[in-house]
Amino acid sequence: MSRQLPSTASVAEPTEDGRLVAPSAEKNMGPLCKVLRDCAPKDGRAIEIASGTGQHCVAFASSCPNLMWVPTDIDDDRLASIGIYVSEAQLPNLTLPVRLDATQPGWSETTGPVDQIVLVNLLHLISEPEAKVLLTEVARALAPNGVFLLYGPFMRDGALTSQGDERFHESLISTDPEIGYKDDGAVMDWAVQAGLEISHTVEMPANNLSFVFRKPE
């Protein structure tokens with residue numbers, strides 16, 4: 001993913017020790033952990049794609065202690081921030097971050113089969129072709145009966161359903177016309193074409209949406 005993300009996509013602030021802090025991550029952490037606890041496998045290996053600041057991966061590893069978590073990202077500053085959060089947390093089921101560009105074909109070959117994959121707030125920041133590659137690689141990376149939790153802002157039946165969503169979507173496409181909100185139905189179609197099954201969706205705070213997909217056995 002070589003494009004420069006729009007400034008509207010990043011609200012993380014650096015701290016003196018090098019960590020990044022995103023207020024939105026703090027706000028959605030609780031609801032996301034609840035969805036994760038309800039859908040996650042009992043044990044196994046887990047990957048968070050585009051871990052960002054690192055706030056979420058610590059919460060996920062704490063919420064699902066029987067999963068071994070690997071956070072990932074492609075940005076140097078975010079990888080450094082994740083490393084600080086991981087080192088401070090000292091959780092036995094959370095590793096240091098790994099560099100991964102999930103929009104590039106073939107990354108699933110490097111991960112081995114995993115039981116849980118989580119992706120938070122990325123699909124609206126990448127293009128449709130990149131999103132399709134990502135979903136294809138997720139399906140390939142998951143073990144049979146593995147779970148994929150996808151969260152973010154989405155169109156509903158092709159429509160933006162709040163003024164805030166309209167403003168954010170417009171700011172994204174004005175920066176890069178290839179990115180912006182994806183339609184919920186289209187995302188489900190792409191996931192099914194990639195080899196996943198839709199388990200259920202969960203309406204989330206701030207008009208966001210969680211999809212829970214599973215890989216068939």
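The side chains of Arg19 and Asp17 come together in a salt bridge, with N and O 2.9 Å apart; the term stands for a side-chain nitrogen of Lys or Arg within 4 Å of a carboxyl oxygen of Asp or Glu. Before going on, please keep in mind that this is a predicted model, in which local features need pLDDT of at least 70, side-chain atom pairs count only at pLDDT 80 or more, and totals for chains, interfaces and linings use all residues. Residues are numbered from 1 along each chain as its sequence is written, and side-chain values use heavy atoms, with hydrogens and water left out.

Arg19 has another partner as well: Glu88 forms a salt bridge with Arg19, and here the closest N and O atoms are 3.1 Å apart. This pair ties together distant parts of the chain, since Glu88 sits in helix H3 (residues 76-89) and Arg19 in the loop between strand E1 (13-14) and strand E2 (20-21), 69 residues apart. Helices (H or I, at least four residues) and strands (E, at least two) are DSSP runs, numbered from the N terminus. Glu88 is exposed, at 52% relative accessible area, while Asp17 is partly exposed, at 40%. For these words, buried means under 20% relative accessible area, exposed over 50%, and partly exposed in between (1.4 Å probe, protein chains only).

Now look at helix H1 (residues 23-39), where Lys34 and Asp38 lie four residues apart, about one turn of the helix. They form a salt bridge whose closest N and O atoms are 3.3 Å apart. Asp38 is exposed, with a relative accessible area of 59%. Salt bridges with shared partners join Asp17, Arg19 and Glu88 into one network. The count of salt bridges in the structure comes to eight.

Next, the interior. In soluble globular proteins, nonpolar side chains tend to be buried together. A nonpolar core here is a set of buried Ala, Val, Leu, Ile, Met, Phe, Trp, Tyr and Cys residues joined through side-chain atoms within 4.5 Å. The largest one has 34 residues, and those with the most contacts inside it are Ile117, Val138, Phe148 and Leu150. Elements that give two or more residues to this core are E3, strand E6 (114-120), H4, E7, E8, H6 and E11. H4 gives the most, with six residues.

Leaving aside neighbours within four places in sequence, Leu150 is in contact with Leu119, Leu123, Val187, Leu209, Ser210, Phe211 and Phe213, where contact means heavy atoms within 4.5 Å. Apart from this core lies another, of 27 residues, among them Met29, Cys39, Tyr85 and Met204.

One of the contacts of Leu150, Val187, leads us to helix H6 (residues 184-194), where Asp184, Val187, Trp190 and Ala191 are buried. They cover an arc of only 125 degrees around the axis, which puts them on the same side of H6; the arc is that of the directions from the helix axis to the C-beta atoms. An α-helix has 3.6 residues a turn, so residues three or four places apart point the same way. The cover over the buried residues of H6 includes helix H4 (128-141), strand E7 (142-152), strand E8 (154-155), strand E9 (182-183) and strand E11 (209-214). At the start of H6, a side-chain oxygen of Asp183 comes to within 3.2 Å of the backbone nitrogen of Gly185. After H6 comes Gly195, with a positive phi near 115 degrees.

Some loop residues also deserve a visit. Ala50, in the loop between strand E3 (44-49) and helix H2 (55-63), has a positive phi near 55 degrees in a residue other than glycine. Asp157, in the loop between E8 and helix H5 (163-175), likewise is not a glycine and has a positive phi of about 55 degrees. Ala50 is partly exposed, at 22% relative accessible area, whereas Asp157 is exposed, at 74%.

Finally, the cysteines. A search of the whole structure finds zero disulfides, a disulfide being a pair of cysteine sulfur atoms within 2.5 Å. The sulfur of Cys39 is 7.7 Å from the closest cysteine sulfur, in Cys64, so the two are too far apart for a bond. For Cys64, the closest cysteine sulfur is in Cys33, 7.5 Å away, again too far for a bond. Cys39 is buried at 3% relative accessibility, and Cys64 is buried too, at 8%.

Technical notes. Polar contact = N/O pair within 3.5 Å; in protein donor to acceptor, adjacent residues only side chain to side chain.
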